[in-house]
Structure formats: structure tokens, C-alpha cells
Amino acid sequence: MSGPSYFLVYDRNAGPVDLMNKRAVFKSWWLPMAFALPQLLLIFFFFYWPATSVLTWAFSLEPAFGGVGERLFVGWDNFRDVFADTEYWRSVSLSLFFAFSATALSMFIAFVLAICVDRQLKGSGLFRFFYIWPYAIAAPAVGLAFRFIFAPESGLIAVVNTWSPDLWNPAKFGSHAMILVIVCFAWKWIGYNFIFMTAGLQSIPRSLIEASAMDGSGPVRRAFDLQIPLLAPTLFFLLVLNLTESFVGPDTYGIVDLTTEGGPNKSTDVMVYRIVSEAFRGLNYSGAAAQSLVLIALIMLFTFIQFRYVERRVHYK
Amino acid sequence: MAEINIRDVRKSYGRTQILHGVDLDFKSGEFVVILGPSGCGKSTLLRMIAGLEEISAGEISIDGRVVNDLEPRDRGCSMVFQNYALYPHMNVAANIGYALKVAGVPRAERQRRIAETARIVGLEDFLDRKPAQLSGGQRQRVAMGRAIIREPKVFLFDEPLSNLDAKLRVQMRVEIRRLHKRLSATSVFVTHDQVEAMTLADRLIVMNKGHVEQVGTPLEIYHRPRTRFVGSFIGSPAMNFFESTVAADGNFVLLDGIRVAIDAALGSANAGNAVAIGIRPEHCRLITAGTANSIPAVVDFVEELGAGRIVHVEIDGQDFAVAMDEGQLWEAGSTVGLQLPAQHIHLFSLETGLRLDDVPSLKRTMKTTVAA
């Protein structure tokens, strides 16, 4: 038995045992199965089953009230229906708009905060601690909190409506509703982005910042000339993650569900929300399944584009 | 070209004070080296001049202007960092020219000056390379180029040679000195390497534990160390010390029961005082055992240096290093006579560590006695 000796432990019966290379052989078949079963069941029920269901539903006409009747194979008909629907295309563009705006807002604010903390201004240790918190809150909770804050008639923001009626009313204006969900999402993800950016900024040697200070650049110039280029790998990673998460993530669903419910007049009916509500409220399983597949394809395309064209410009040290 | 005046400058982090009131004046165009062991506050002092470290108390002025509250870029200093601090994503030309770019110097002018600077530091053929593609010595040159392109009034060097191998270090040392001759800007160079300090300095400042121990030319500091610390810190191998008491009635101290003559004037002035006696290895002499005026010693071991050797002898359990040229060979284990010439003996107070034959009027903030 070869291998690093520091993994050796002494077994009273078997003598020295190398933990790294140890091959335990079970004497019976049911014990290992019993150990593996919970995880296998979880994967089966929550991944393989739904995934195959989505695949079959997307190409068949699924009865609305359960699979009692005959399942009719319809080929690409579900997709044709989805693509023919102008509402669907509106949802796609809303999703794209939401994803890009929320990502941009969240990353921009997180970057500014991270730069400020990195400058070690007074109290930055405390702020670093607090900035991370929002990420620990579940999206629906964020949605609920923001629903109260941004309620046009009774929330903290209601005061603006006393200056001029309907200055802020997400229940009435689609644009306001969209701003609301974007702000919610950005607020939650700022913490996450902030952690990574702070860690990235900390890995830039202090002497580089000092050298640039000696060379005459101020904080803003330094951010553009030094910190952004050196942080590029981190920024790229966060870009992919934020876009994906805002496009299809559970946070987006949770926030939309608890603040606007896709309204008013479907102006915040982003793709994830539309799929869930069509499947489980509209009971259109087949249509929703087809939309899910399209969404997956879009995400793959998205990520491909990012890696193909954006990552090249990222300067890895 | 600028004068730097440092007035009672202190630095503390919380309650820990690491600079205890430093007073120094650097003349315009001078090459000053600050030497001290790590943690003595020398780098902190340099960074305070640069503006990278806040000044807790006191005043620093450059060219007569107090710079305490000025941003680094407004102080007219440029700095070479220990780890070079090159911008890894920029090529050599961009690294060197960054300060000009920030200052908004037009492109053509910028390129002309980059080319000129690259020529001075010998990097013409490397302008398109990234720092990662350069050797240590070349990176060092980029860092120097970046410092000189701004034509600063003051150059600050923060242990710039400590990351280089021994051979390159000697070479860069010569280049730095040559560069200073050419640009003659006031230069402050921080190091813990005494050879660098001795060879580069017009004036040498020795620091220890946040205090300035001595200011002077390298030779003054070598020949007349003002404190026991300076005596032990400068010189290689280090100065030999032994502790004794000045005889009450004569001009000698006892070492292992044998009289060692000291300067007559000193002896009578300090009769009865406990002292630390220092003598450099290169000033000790070994002779045949039993010769008059010598102390019997046993040869412990011999270090061969090629050009000479260091003989370690033992007297009464105390080690003495004696540096000698080639010549007579001393066998380990043999008994020899050690001579300590009176004119090379340094006397330090055992209590304060101060040199005893210092002219009393010279205070801690002493001026150099030799005009530079």
C-alpha cells in the first residue's frame, strides 16, 4: 500500500490502515444500498423524474387534470403554440431586460461598495460585515419586505405620493413594477457580489495601489486602470452567475411572486414566473414544459456566448 | 532637487508607538541611506515621506513646504518598492509611462519620454513585454524607469534590492549610484543591508526601535559608532564586546584578569565605571602566546574566506573574532596571544549604551562633523 503516510491510522485488529487508499469491501449488498438510497431517491424524485416529465410533456398533450386519459404525442406543436404567442415574446424581452438591468445594478453597486471598503475608510470593517447580510435572506422574504417598503399607499415610500399623486405606484404602472423587482433582486445579490469583489480586491497587492497613488492616480482612475482589469476574472464569473440567476433563478421567481405577481398587466411576467404560473395555475403543463426547454436552451446559448466572446477579453494573470 | 526636513515625527498604531520623535534634515541632492534592523521604523519613515502612511505627530516638509496633508501625488516624490509593484496587466512601456498618462501628457511627448527613460535604464528592447516575462533585474529596472520618468524632486527606495540575487544586487547598486550621479535628485534609500548602506550613502542614518541612533558619513559611523547598538550593527563580522570596569587608578580595564590599556584621557574620566568595551575583529591582532601586552587565548575554530580568514578565539568563555589576511596559520586548539590596540578600543556606557568619548555637547539629534 503506497500513499502519504500521514493518513495512516492504527486499527486494533487490522494494524496500520491507510485512510486515503483504504478499500473497504462490504460483505453484503443491502448495507451499501441503504447508505446510498436516500440520496438516490432525492435525485430521482427531484431531478430525473421531473426532467423526463418535462421532456415528455413538451412533446405531448398533457391532460390538465392528471394523466388518466391517453397521452397524445403532438411533436413540435407545443413549441409552435408557444412561439406564436406574442405574450411569450414579450415575456422573453422582459426577462432579458430584467436580467441585464438587475445584473448591471447589482454589480455596479457592489463594486462601488467593495472599492470603498477596500480603501479602508473609517468603519469599513463594520460595513463589510453588514453588506454581506442581504444574501443570507431568502428571496421571498426580501420580496415581502420590499413589498411593504414600496407599497404605494402605506409603505415607507408612500410619502412621495403626497408630493404628487401616483409618483410611485407599482400596482398601476408596469415600469414602476419592473423597477421594484429589479431593485429587490439587485439588493439581494449585492451582498453576494460584494463578497467576491472584496476578496478579489484584497488579492491585489497593496503596493500596486500605492504605486499608482505615487504615479498620481486618484481612486476613480485607479479603479478603471488597475482594479477592474485585475479583477476581470472575478467580474466575469459574477457576470455569468448574475445573468443566469436573474434570468432563471429561484430568486427571481420568489421576488416577482411576492411583490408584483407578474403584473400589473403582465409587465413583470418574466419567463420563470410565466412558466410556473402557466403550469400550476393555468394547468397548461405541456406549454409550460415547452417553455422550460426553451429557457434551458436560452441559458445555454447565453453562457456559451459569454465564455466564447467575453472571457477572451478577460485578463488572467 | 529638494530639501527634506523632518521635525519630531512620530508614528503610532493605537497605543504602540513605533517612531519616537525623529528629527532629520536631508540636503538637496544628497543620497541618504536609512539603515536598521527590521521593525526599527525605517520603512514607516520612508512611507511617511511618500505620503502612504499618515503622520501621527510632527512635521515633514519637502522644499520648505509642509506636506503632512498632501496626497502622495502632490509631494513630488517617486518611489521604488521592494516587490517592484509593477502593473501586471500593462507592458513595460505602459508601466513606465503610466504617471505621464495620468498627468495627461500628450501621446507623442509621452512616447518620446518613455523611449528616453527606457534607454537610461537599458530596457529599449523590452518595451512590449509584460512584467511576468521579465527577469528580476529587468523588473527592477522597470520600477526605476517608472520612478525617474516623472523627473521627481525626491527618490524614495524601499529596500529595492532585497529581492535580487547577490550578484545582481551588486550590479544594481552600482547602477543606482550612477543614476543618482546623473539625475542628482535627493534620494532616500531604506535597507537593512549594511554593505548597501555603506557603499551607497553620502550620509547614513542608523535607526533602532523607532529612534535615530546616529547620523553621519559611512566612515564616521564605522569609526566612531555613537552607541553600542551602532557599533554592533555595522561591520562584518560584528564588533567584539566584553564588559568590564575601568580601573579606579589607571587607564586600563581587566579582561580575564589581564590589563587592557585604554585611552588615557578616557580612563581617568571614567574611572570606576562599568563599561562595554568594543573592538572590531579587523583591529584585533593575534601573536605568539606569552608575548608582552597580550592576553592568552585558545583558538576555537577558523573560517576561511579566501582573501583572508576569521579566527575565533576564546578567552574566559568569551568568543572573540579576529579578522586577518592570509599569512600565519593558527591551528584550532592552540594557545595564542590576543592584542587589543588601545587606539581602536571603543568604550560604551554599560548603562546607557552611549559612547563615552563623545563630545558631551553633541546631543541625540547630532549634526555631522564632516561637511559632505
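What distance separates the centres of domain 1 of chain B and domain 2 of chain B, taken over C-alpha atoms? In this predicted model, the two centres lie 40 Å apart. Domain 1 covers residues 4–228 of chain B, and domain 2 covers residues 236–349. Where the two domains touch, domain 1 of chain B contributes 8 residues and domain 2 of chain B contributes 10 residues.

We can turn next to the area of this interface. The size of an interface is often given as the accessible area lost when the parts come together. Here, domain 1 and domain 2 of chain B bury about 690 Å² between them, and 52% of that area is on carbon and sulfur atoms. On the side of domain 1, a trio of residues supplies 80% of the area buried against domain 2: B:Tyr222, B:Pro225 and B:Arg228, more than any other three residues.

The rule finds 1 salt bridge across the interface of the two domains. The side chains of B:Arg228 and B:Glu243 meet in a salt bridge, with 3.4 Å from N to O.

As for secondary structure, helix α7 (residues 218–223) of chain B provides the largest share of the domain 1 side that touches domain 2, with 3 residues. By class, this side of domain 1 holds 3 nonpolar, 3 polar and 2 charged residues.

Notes:
Residues are numbered from 1 along each chain as its sequence is written. Chains are lettered from A and ligands numbered from 1 in the order in which they are written. This is a predicted model: local features need pLDDT of at least 70, side-chain atom pairs count only at pLDDT 80 or more; totals for chains, interfaces and linings use all residues. Side-chain values use heavy atoms; hydrogens and water are left out. Domain bounds come from an automatic or database domain assignment. Contact means heavy atoms within 4.5 Å. Buried area is the accessible area (1.4 Å probe) that two parts lose on being put together, summed over both. A salt bridge is a side-chain nitrogen of Lys or Arg within 4 Å of a carboxyl oxygen of Asp or Glu. Helices (H or I, at least four residues) and strands (E, at least two) are DSSP runs, numbered from the N terminus. Ala, Val, Leu, Ile, Met, Phe, Trp, Tyr, Cys and Pro count as nonpolar, Asp, Glu, Lys and Arg as charged, and the others, Gly among them, as polar.
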